[in-house]
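Open your viewer and get ready to select a few pieces one after another. We will begin with a pair of residues and then step back.

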Amino acid sequence: MYENYQFVGKDYPRKEGKARVSGKEKYPSDLSFDHMLYGRILRSPYAHARIKSIDFTEARKMGAVCISYEDAPDQFFNVRLVSIPSATYKDWTIFSDHMRQVGDFYGAVAAETEELAEKAARAVRVEWEVLPSYLTMEDAMAASENLIHEKVYLHDKEVIIRNNIACTREVVEGDIEEGFKQADVIIEETFETPRQYHCQLETKTCVVRPEPEGGITVWPTTQAVHNTRILLGKVFTIPLNKVNVVRVPGGGHFGSGIHTNPVALITTALALKANRTVKISLSREEDMYDHVRYPSKYTLKVGARRDGTLTAGHMKAYIDIGCHHVQALAFLGVMSGFWHSLYRMESMKYEGTAVYTNKVPTCAMQGYGAPQVTFGVESMMDMLAEKLGMDPIALRIQNYVGLGEIFWGQGPTIKSKIFSDGVVELIEKGAERIKYYELKKQEKGSGRYRKGIGFARGFHTSGTGAPMPGEVKDYTTAQVKVNEDGSIDILTALMDQGGGTLDAAAKIVAEEFQVSFDKVGISPADSRSTGYDVCTHATRGVYCGAGAVHEVAKETKKILFDYASRMLDTYPGSLELIYEEDTGETRISVVGNPERTATIAEVADHAMNKDWGTAIFSKSIRKTACPPAYTNYFVEVEVDTHTGHVRILRVVAGSDAGTVINPDLARGQMHGGFYRSAGMVLLENTQHDGSTGELTNKASLLDYKMMGIDEMPDEDNFEVIFASTYEPTGPLGAKGVGEAAFNSAPPAIASAICDAIGVRFTKLPISPEDILEAIGEKKL
Amino acid sequence: MNTISIELNVNGRDWQLSVAPNEMLLNVLRERLHYTGTKYGCGIGECSACTVLMDDTPVLSCQILAVQCVGKKIVTIEGLAEGQESHPMQDAFIEEGAVQCGFCTPAMVLTAAALVKEKPDPENQDIRDALRGNFCRCTGYVKILKAVQSGARKMRELS
Ligand code: FES
Ligand code: FES
């Protein structure tokens, strides 16, 4: 579809490239200001405790600024502001005397140097009352006293917590009892996915500077400058035009920056108290106690007719959310949505329960509920195919939710229609490239190394827009301006997490104006100079974010054409843009009258000197759909039956991103998504010691093993295929890639392992020990 | 705390500094000399984000005391291009799309440049060996491997 584009679909060096390879890019942790204080956070050594008394005498003697639950604002909030208030549970305060996990915070100190701050922190004396801790969901739900939270708020309504159950959600369509009656085959299985740690390379950091005229300037690690602004303004009662949150590139987020990181609130509290600039940068250990992916445990029951139609599905999920709500209600909703929107079912019932435990608070990580659900559902499609004697791929093609159908990946309140669908094309091409059917037939042999081939599919929504407003906010504000030399500036609070979102926005604007990519600039942004942007999450960057920029660019172009028509004495409708490759200039010409022409620069300059104005426009744009970005993976693995190690030999990935704006960066998204998902399948999990509640890896990266460069295939063995689709509602036909790159990989890898050794694992990660044990049982 | 006066050669320049005996090179580079391209990822030698070159060899600056660096030539990412606009390995990382968030990039580029200086035509396995400890959470390493090959080609062409 995009062969006709001049700039879109071509690869250019990314805009931040030079800054990043030369060490000149400044991340929050690199910032320092004159007379800045360094903060340290006071943390609980216990999994569950109350503070009886706290003594800052020694710390104060060292000159430290000290703050605790005794003197910080104590209103309730949720750190994540993506959902609307009526769907938001609030159980956070900045500090508390009730410690709910190891590493929970009750106060903070700031001093002239980091060393002094550390010393002062160590000198704070606390008298503790240790409470019984709940480190499993079972223990937590059995408890009737010493609850992790007693009282929380749903919006402004008080909610009394019972048995540590944070919230529940039920979604029903049709009659499942009838559905299961109709089924010829019923299967049921329990699946479990791990507490994967984001392990973004830059630990959570914030710098806050109180301003002389009141208010604060904030440089945080975040995916959402506006939500950070709104939360800080609310909690500290600062007028919102005096909270300025600056967009700073972060060293990775993967979902951990959708919510305002607690360090931003704590740093603000210290800075306001000290009336000095304060910086806090978490140690890796603190970061590991700060955030982690939602794990899942669910039973899935599916009924099907002999012809492969799905008559009923029942999913019952328990989610161990750790010690706080980072909008678990939304998480339960998307679990139901991602499941419902994978395959057509005549009836379905989803029951989700979120349970508090004395563990690290869980939050979104790439895929947000989709990887958890897709793992079970796709594994089950394999099992069902086997039972029905069908080809697993044919079964999927028969049942997947595709073109023209209604889907609600982001939960039951966000329903939209599917207008583009490259599923079958990607499956057919991928199967051909990797020689799926031949490999499938291959003898596994009885040697030490066994090869297997696996396949799975899935999707992510491109954003959370829909015709009707739902529980999740979704819009982006952008401004596009034409300068007097013909260059163009984009101003928006939209974040680029490294995937190329802002490059995509620039390329789309370049295409709209037919100006070369290097003439389009991305202006530095902060919350004061930009309108609201919800967040770069939910794979919305290109479709919703750059999509908003595109809509605005079209309006700016209208203004430019208006000026041009006055200058060339014609009608705006008679004008066209022509890019001259040899000069790099762009002309606005009257169609059929090429002599009536001026460059964009001449028009913009003329309009300024005539006092007509600048071609500039700004608006908030909400998308009224969130098209599925489909992906699939074919993966070939080799299992070492002596050690239990799994090696990824070859990957053929398929991405239906509509028009691909940045092909090379999009390929990079697929590589990265696969890498993190393979980590979740084979290695990654954080566990808490059953008695102390400490992380068993002791916050060491060596004991939180991730895959390294050794374990990933090279590019010759990692092929990415893009579907040739065009999304009619997207900017120049584009939809997302981001999280979809992760979602379908875990079941593909698990299915390849199953093909190699004949064992289907339903619990992730699949460790070498698990594999050896299974091999032992099967006497392979 | 006692301090020691030392002279450090960083990016071709001599710096007179007074440092604590237990002060890590990473801190001195970032906090005193403002070479913030050297990153903190763990502080305990597990991620390699803090890599710098010491007499052309990649070392972890969070594991080396500043006082151990006296008489050595330290090069950080800011000094790699040696006054040129850029080092070929830096260009290769941009061209091949091996930079996402970019936080691991300085350490990757330095380590790769040191490898190629030593071994101008590295096999993929050599690159894997050299970058084994360098942690990147974004890219999945596929493009990094490719960028190092292309950077090596560029370096060979220049030499
Ligand atoms: S910061 Fe030095 S190895 Fe991680
Ligand atoms: S590019 Fe983000 S850690 Fe490597």
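Select Lys90(A): opposite it, in β8(A), stands Tyr153(A). Strands here are DSSP runs (E, at least two residues) and helices are DSSP runs too (H or I, at least four), numbered from the N terminus. This is a predicted model, where local features need pLDDT of at least 70, side-chain atom pairs count only at pLDDT 80 or more, and totals for chains, interfaces and linings use all residues. Residues are numbered from 1 along each chain as its sequence is written, chains are lettered from A and ligands numbered from 1 in the order in which they are written, and side-chain values use heavy atoms, leaving out hydrogens and water.

Now show residues 151–154, strand β8 of chain A: 2 bridges join this strand to β4(A), and the two run antiparallel. Strands pair if DSSP finds at least two bridges between them.

Colour domain 1 (2–24 + 475–621) and domain 3 (292–467 + 625–775) of chain A; the bounds come from an automatic or database domain assignment. Their centres, taken over C-alpha atoms, are 36 Å apart. The contact (heavy atoms within 4.5 Å) takes 24 residues from domain 1 of chain A and 30 residues from domain 3 of chain A.
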